Amino acid sequence: MVNCGEKWRFSTLSTEFSTIVMQKRKDGEIMFLGQYAHTVDAKGRVFVPAKYRDGLGETFVITRGTAKCITVYPMSEWEKFTAKIEELPQAQAAKIRRFIFGNASDVTVDAQGRINIAQNLREYAGIDKNAVILGLGSYLEIWSEEAWKAESELESSAEIEDLMVALGC
């Protein structure tokens, strides 16, 4: 573990196929960073790295992501996210509620460090054999390896830079 600055503590685990970094702010909030590739077994289970499991807690939520992936929320982030949806007027939020809540499930990690991804979520994200788990700050995404390769090839440094400038980063 390496300390970098006052606000963050970094922890890094690297292998030939992945880099997992987890940051813990002094206020105790976890940030998920990096990516991890793993196979999905015949029962739809995928291994979740210990660094990510530590930040997710015992029970967490998985649901559809908006980019043909699966999103994974620690309960604290899920509660913040769903509170925003609940504040929306019923008529405006009905589609969002169906999309998010109708496909969500509570998940726990088994003794081997795996989670079971429901068939409907695997089909939605196109996950068959290989998956990539991405740390995105306060939550994770799970992509099919093929879809992630295609998505990441579409992203250009110039496009990301333009977005960051537009957001004032």
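Analyst: Glu 77 and Lys 80 form a salt bridge, with their closest N and O atoms 3.1 Å apart. A salt bridge here is a side-chain nitrogen of Lys or Arg within 4 Å of a carboxyl oxygen of Asp or Glu. The model is a predicted one, in which local features need pLDDT of at least 70 and side-chain atom pairs count only at pLDDT 80 or more, while totals for chains, interfaces and linings use all residues. Residues are numbered from 1 along each chain as its sequence is written, and side-chain values use heavy atoms, with hydrogens and water left out.

Glu 77 and Lys 80 are separated by about one helical turn because they are three residues apart in helix H2 (residues 75-87). Helices (H or I, at least four residues) and strands (E, at least two) are DSSP runs, numbered from the N terminus. Glu 77 is buried, with a relative accessible area of 16%, whereas Lys 80 is partly exposed at 43%. Buried means under 20% relative accessible area, exposed means over 50%, and partly exposed lies in between (1.4 Å probe, protein chains only).

The count of salt bridges comes to five. In one of them, Arg 45 pairs with Asp 41, the closest N and O atoms being 2.7 Å apart. Arg 45 is partly exposed at 21% relative accessibility, and Asp 41 is partly exposed at 24%. Arg 114 and Asp 110 also meet through their side chains in a salt bridge, at 2.9 Å from N to O. Salt bridges with shared partners join Asp 41, Arg 45, Asp 110 and Arg 114 into one network. Side chains of opposite charge can pair when their charged atoms come close.

The aromatic rings come next. The structure holds nine aromatic pairs. Rings of Phe, Tyr and Trp (its six-membered ring) pair if their centres lie within 6.5 Å; planes under 30 degrees apart count as stacked, over 60 as edge-to-face and the rest as tilted. Tyr 73 and Phe 81 form a stacked pair, 5.0 Å centre to centre with 15 degrees between the planes. Tyr 73 is buried at 9% relative accessible area, while Phe 81 is partly exposed at 25%. Ring pairs link Tyr 73, Trp 78, Phe 81, Phe 101 and Tyr 139 into a cluster.

A nonpolar core is a set of buried Ala, Val, Leu, Ile, Met, Phe, Trp, Tyr and Cys residues joined through side-chain atoms within 4.5 Å. The largest such core has 21 residues, of which Ile 70, Ile 115, Ile 117 and Ile 142 touch the most other members. Elements that give two or more residues to this core include strand S7 (70-74), helix H4 (119-125), strand S10 (130-135) and strand S11 (140-144). Beyond its neighbours within four places in sequence, Ile 70 is in contact with several residues, among them Ile 62, Ile 117, Leu 121 and Ile 142; contact means heavy atoms within 4.5 Å.

S10 is largely enclosed by the rest of the structure, because five of its six residues are buried. Two strands pair if DSSP finds at least two bridges between them. S10 pairs with S4 in the antiparallel sense over five bridges, and Thr 39 stands opposite Asn 130 in S10. S10 also pairs with S11 in the antiparallel sense over five bridges, where Ser 144 in S11 is the bridge partner of Ala 131. S10 and S11 form a hairpin with four residues between them, and Gly 137 in the turn has a positive phi of about 85 degrees.
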